[in-house]
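Keep the sequence beside the coordinates as you read.

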Amino acid sequence: MRDIDWQDGMAHPAIQLLRLIMDNIPQAIFWKDRNSVYVWCNRNFANDAGYENPEDVSGKTDFDLPWTQEEAEWYRKIDQQVMETDTPIYQLYETQTHADGQITWVVTNKMPLHDPEGNVVGVLGTYEDITELKLKEEELRKAREELEIRVQERTAAEREQRAFAEALREISTTLNSTLNLNEVLDRILTEIQRILPHQMATIILVEGQKGCFVRARPAGSANEGEWFEINKYPNLVKLLETKSPLIIHDVVKDRQWVHYQNTHWIRSYLGAPIIVKGEVIGFISLYSDKPHFFDTQKAERLMAFASHAAIAIHNAKLYEQAQELAVINERQRLARELHDAVSQTLWTASIIADVLPVLWDKDPEEGKRNLEQLRKLVRGALAEMRTLLIELRPSSLQQTKFVDLLHQLAQATMSRKKMEVRVITAGNEFEIQPETKLSLYRIVQEALNNAAKHSFATKTEINVLFQNSHLRIYIEDNGRGFDPNNPQIHGMGLEIMRERATSASARLTISSTPGKGTKIEIFWPQTSNGE
């Protein structure tokens, strides 16, 4: 048997054309004999092996090329497997170390070579560089991981990153489960201990060029509530300017570091800005008594945590602002109610009281009628004042029974509206939580306002039925009614009534027909804990 001599046929035009094609395809091609000695390769393979000419590779083994010892042994092992079993192996993923030290990933195919008699005389191999694809896969699986780390270390890092992401999702849920700013700040310092070890942590909120320590842990490690100029602390200035995390590995060697009160034990620092809509609203700072305690990974995690904290703080602040605005709007509403209802009622009563003595002398019967009118006005004003006082002091809802509230509301409504209101109750009244009681009260209040103002009703009846497990309220008036399909009815506050019913976990049903009045049913199921 005579081995094929590639060199002998090099002068043949067909061989030259084939060689030209093989030198210009993107894959690397090689041919080994039975002893895994290289017989031939194309130019791509030679370049990977550190040679300019493919002929320089001929006669060499994998141990003569720049592969590592492990790689060379692995390549030869696969060669022998292919030749001994006479079976090709495809899609083999392996690493390859080049002459310049670069490590690449390749996908290799190896097939047995046969002589004319069918005997295996060598192995033909091809491979393609898939390093770029492999790197992209690794980037998707593990952010910020160095590509040279071993597969086992990368897997462990991915698992750790996944655990951090899961913890961060749980933390985000915890932070956003309350809209109370103080609770949010406390939870930030509590939750950050789960993912980033430290000796001390502070939260600083920013207003203009000033900062305020709003939280510190351990408590007392910083002067909470103290305002200071940010430009006095270079680390905070840098956080404000760069909007990126900052690591100071050793504050002793940092000439610009400024210690807070009683913090000379600090050796390393990690800080991250709290950013909302591109604006820095505060800082989260961590401190350690060990130099070089914080690294880039911890900085990235603190920044990720700070982004979740920013959302929670922003939502809590918006809620506070909404609460303040709601208080202002409620005060303005009560002021209008006081002016429109009580003031006018008392003014009318005052006029009647002034003319009553003279009127009584002239016509006692007319005097009695005006006296009765005066009595109704005074009682109505008193009921109106009680209603306004309850609304000014929601805590009064806890001391006032729900039915009593409805009677006061009916009396107040009749004092300023030409409409008769009756409240009929049945069953044993049970305790209703203040928030629910207020929502139900507001629905009835809005229904009475609609009956008088929009339906021009002269009579409205409120039936309240207390049963063992639920409460039903029926409100029916004799007004002109309305068409529920008319979009203009939304101006009657029906959507607000529905929102209040939803907040109270109640079911609201409104039915009306033009010319036949309006019926409203409120159904509220009481649970075992009274809520």
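Is Arg215 buried or exposed? Arg215 counts as buried, because its relative accessibility is 14%. Buried means under 20% relative accessible area, exposed means over 50%, and partly exposed is in between, with a 1.4 Å probe and protein chains only. The model is predicted: local features need pLDDT of at least 70, side-chain atom pairs count only at pLDDT 80 or more, and totals for chains, interfaces and linings use all residues. Residues are numbered from 1 along each chain as its sequence is written, and side-chain values use heavy atoms, with hydrogens and water left out.

Start with the charges. Side chains of opposite charge can pair when their charged atoms come close. A salt bridge here is a side-chain nitrogen of Lys or Arg within 4 Å of a carboxyl oxygen of Asp or Glu. The count comes to 13 salt bridges. One of them joins Asp186 and Arg215, at 2.6 Å from N to O. This pair links distant parts of the chain: Asp186 sits in helix H6 (residues 181–195), Arg215 in strand E7, and 29 residues separate them. Helices (H or I, at least four residues) and strands (E, at least two) are DSSP runs, numbered from the N terminus. Asp186 counts as partly exposed, because its relative accessibility is 33%.

Further along, Glu461 and Arg422 meet in a salt bridge at 3.5 Å, N to O. Glu461 belongs to strand E13 and Arg422 to strand E12, 39 residues apart. Glu461 is partly exposed, with a relative accessible area of 30%. Arg422 is partly exposed too, at 43%. Arg472 also forms a salt bridge, with Glu521, and the closest N and O atoms are 2.7 Å apart. That pair ties strand E14 to strand E16 across 49 residues. Elsewhere, salt bridges that share partners join Lys32, Asp62, Asp79 and Lys110 into one network.

Now turn to the nonpolar interior. A nonpolar core is a set of buried Ala, Val, Leu, Ile, Met, Phe, Trp, Tyr and Cys residues joined through side-chain atoms within 4.5 Å. The largest core has 37 residues, and Phe402, Val444, Ile462, Leu471 and Ile522 touch the most other members. Elements giving two or more residues to this core include helix H11 (402–416), helix H12 (434–453), strand E13 (459–466) and strand E16 (518–525). The largest share, eight residues, comes from H12. Look at Phe402. Leaving aside neighbours within four places in sequence, Phe402 is in contact (heavy atoms within 4.5 Å) with Glu429, Ile432, Lys437, Leu440, Tyr441, Phe466, Leu471 and Ile473. Apart from this core lies another, of 30 residues, among them Leu185, Ala201, Ala299 and Ala306.

Next, the strands. Two strands pair if DSSP finds at least two bridges between them. E3 and strand E4 (residues 103–114) pair in the antiparallel sense over seven bridges. Leu92 has Thr108 in E4 as its bridge partner. Five residues lie between the strands of this hairpin, where Gly101 takes a positive phi near 90°.

The backbone has some exceptions. Most residues other than glycine have a negative phi, and most peptide bonds are trans. Asp86 is not a glycine, yet has a positive phi of about 55°. Asp86 lies in the loop between helix H3 (69–85) and strand E3 (89–97), and is partly exposed at 37% relative accessible area. Ser505, also not a glycine, has a positive phi of about 60°. Its loop runs between helix H13 (494–503) and strand E15 (507–512). Ser505 is exposed, with a relative accessible area of 55%. The peptide bond from Arg217 to Pro218 is cis, with omega near 5°. Pro218 is in the loop between strand E7 (210–217) and strand E8 (227–229).

Last, a look at Phe63. This residue lies in the loop between helix H2 (43–49) and H3. Phe63 counts as partly exposed, because its relative accessibility is 40%. Leaving aside neighbours within four places in sequence, Phe63 is in contact with Gln69, Ala72, Glu73 and Arg76. The C-alpha atoms of Phe63 and Tyr75 are separated by 9.9 Å, with the two residues twelve apart along the chain.
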